[in-house]
Amino acid sequence: MVFYIFAGFIMERVVSGIRPTGNLHLGNYFGALQNFIKMQETHQCYFFIADYHLLTTHPNPADLHNNVKHVVVEYLAAGLDPYKSAIYLQSDLPETAEMYLLLNMNAYLGELERSASFKDKIRTQPNNVNAGLLTYPVLMAADILIHKAHKVPVGKDQEQHLEMAREYVRRFNNMYGQEFLVEPTAFNFGEKLIKVPGLDGTGKMSKSESGSNAIFLIDDDITIEKKIKSAKTDLGPQGMNTPFSPEIENIFLLFSLVSSPETLKFYQEKWNNGEEKWYGGMKKQLTEDMINFIKPIRERIKDLYSNDEYLGKVLKHGAELAQESGAKTVREMREIIGFKKFY
Ligand code: ADP
Ligand code: TRP
């Protein structure tokens with residue numbers, strides 16, 4: 001196994017990306033970005049914007065460009081550092097498309113059709129079930145395997161895709177009798193992968209659901225206040241030491257992300273004691289802590305958004321780093337497969 005060595009330390013490689021489907025929200029931050037930011041201190045990181053992946057939804061060119069810009073800006077505003085990580089566009093590493101073609105030979109129809117995300121898309125976009133949707137996990141595997149990543153920081157919803165990527169590695173390595181590709185694992189600094197719930201108390205916070213279900217990194221103070229005010233709660237604790245209702249469990253999860261442990265404990269005790277009428281105060285506290293968390297990120301987003309020259313520099317540098325690593329993998333893979341030059 002080849003590792004990158006930096007200042008005498010062996011660094012594991014990390015890859016992750018986010019589809020540019022709109023502004024990033026708390027789910028993206030805590031499920032993905034927070035880990036990116038920590039990992040760039042200790043790993044060799046490749047973080048990209050998955051613009052090829054977005055094509056499954058047939059975006060118009062202006063929207064595509066705009067959405068890509070949003071994600072680049074929000075990556076940087078949240079704390080990704082172009083001196084520590086390669087920050088690049090997936091389409092700036094077109095070797096990914098060749099890798100995708102090569103891996104497609106080791107991906108089988110039955111298992112692609114069984115993928116939860118594919119089934120979900122058939123349900124949500126029945127009029128556009130294109131082949132890109134079916135082979136989405138193969139393109140994702142190409143993104144990861146092209147840098148021979150060891151770890152992939154993603155939310156829980158991506159675990160199945162990672163399992164598929166590992167399977168393609170085993171098949172490729174078996175077929176050619178060598179340990180060339182590396183099996184990646186899903187990664188989160190917490191004990192388990194985080195799922196940030198939506199504000200309506202059901203499902204996960206998501207860009208695709210209605211805007212009020214998610215708190216975005218770009219939300220202003222008043223919007224945050226309104227959203228938290230309308231977050232679903234229940235009738236209050238029905239006795240002492242009862243289990244949380246799903247709605248209150250979700251609120252406490254949000255608290256655990258942006259508030260201090262003392263604040264969390266304070267409200268947990270109220271619940272455990274079966275106290276009445278404290279939800280209003282709890283929501284006010286959550287709003288205050290949420291605003292304190294989002295505000296500095298939002299301000300950085302505003303500054304960066306108008307600085308196209310800087311964004312261009314960051315992405316050019318990122319593309320060069322990604323090329324260096326990704327083109328090499330594909331070149332070697334071609335040789336292993338048996339493509340030989342006649343000239
Ligand atoms: P969305 O569902 O909002 O379109 P994406 O599918 O683009 O988000 O996800 C980008 C990254 O953010 C992925 O790593 C995903 O696992 C993570 N993520 C998205 N929503 C959540 C959530 N509610 N909780 C935890 N992680 C999430
Ligand atoms: N499928 C991921 C998502 O929907 C985005 C993604 C594409 C990705 N390629 C990746 C994540 C490679 C990690 C690694 O969120």
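Which residue has a polar side-chain atom 2.7 Å from a nitrogen atom of ligand 2? Here it's D143, and I'm calling that a polar contact, meaning a pair of N or O atoms within 3.5 Å.

Quick housekeeping. This is a predicted model, where local features need pLDDT of at least 70 and side-chain atom pairs count only at pLDDT 80 or more, while totals for chains, interfaces and linings use all residues. Residues are numbered from 1 along each chain as its sequence is written, chains are lettered from A and ligands numbered from 1 in the order written, and side-chain values use heavy atoms, with hydrogens and water left out.

Okay, staying with ligand 2. Y136 also puts a polar side-chain atom 2.7 Å from a nitrogen atom of this ligand. For R19, a side-chain N or O atom is 3.5 Å from an oxygen atom of ligand 2. Among the residues around ligand 2 (a heavy atom within 4 Å) you'll also find F48, H53, M140 and Q158.

Now ligand 1. There are 20 residues around ligand 1, and H25, G155, D157, V196 and K207 come nearest. H25 has a polar side-chain atom 2.7 Å from an oxygen atom of ligand 1. K204 does that kind of thing too, with a polar side-chain atom 3.0 Å from an oxygen atom of ligand 1. With G27 it's the backbone: an N or O atom there lies 3.1 Å from a nitrogen atom of ligand 1.

Helix 1 (residues 26-39) and helix 3 (residues 61-78) have axes that come within 10 Å. Contact here (heavy atoms within 4.5 Å) involves Y29, L33, F36 and I37 of helix 1, plus E74, Y75 and A78 of helix 3.

Key: Axes are lines fitted to C-alpha atoms, for helices over the stretch in contact, and angles run from 0 to 180 degrees between N-to-C directions. Helices (H or I, at least four residues) and strands (E, at least two) are DSSP runs, numbered from the N terminus. A polar contact is a pair of N or O atoms within 3.5 Å; within protein, one must be able to donate a hydrogen and the other to accept it, and residues adjacent in sequence count only if both atoms are side-chain atoms.
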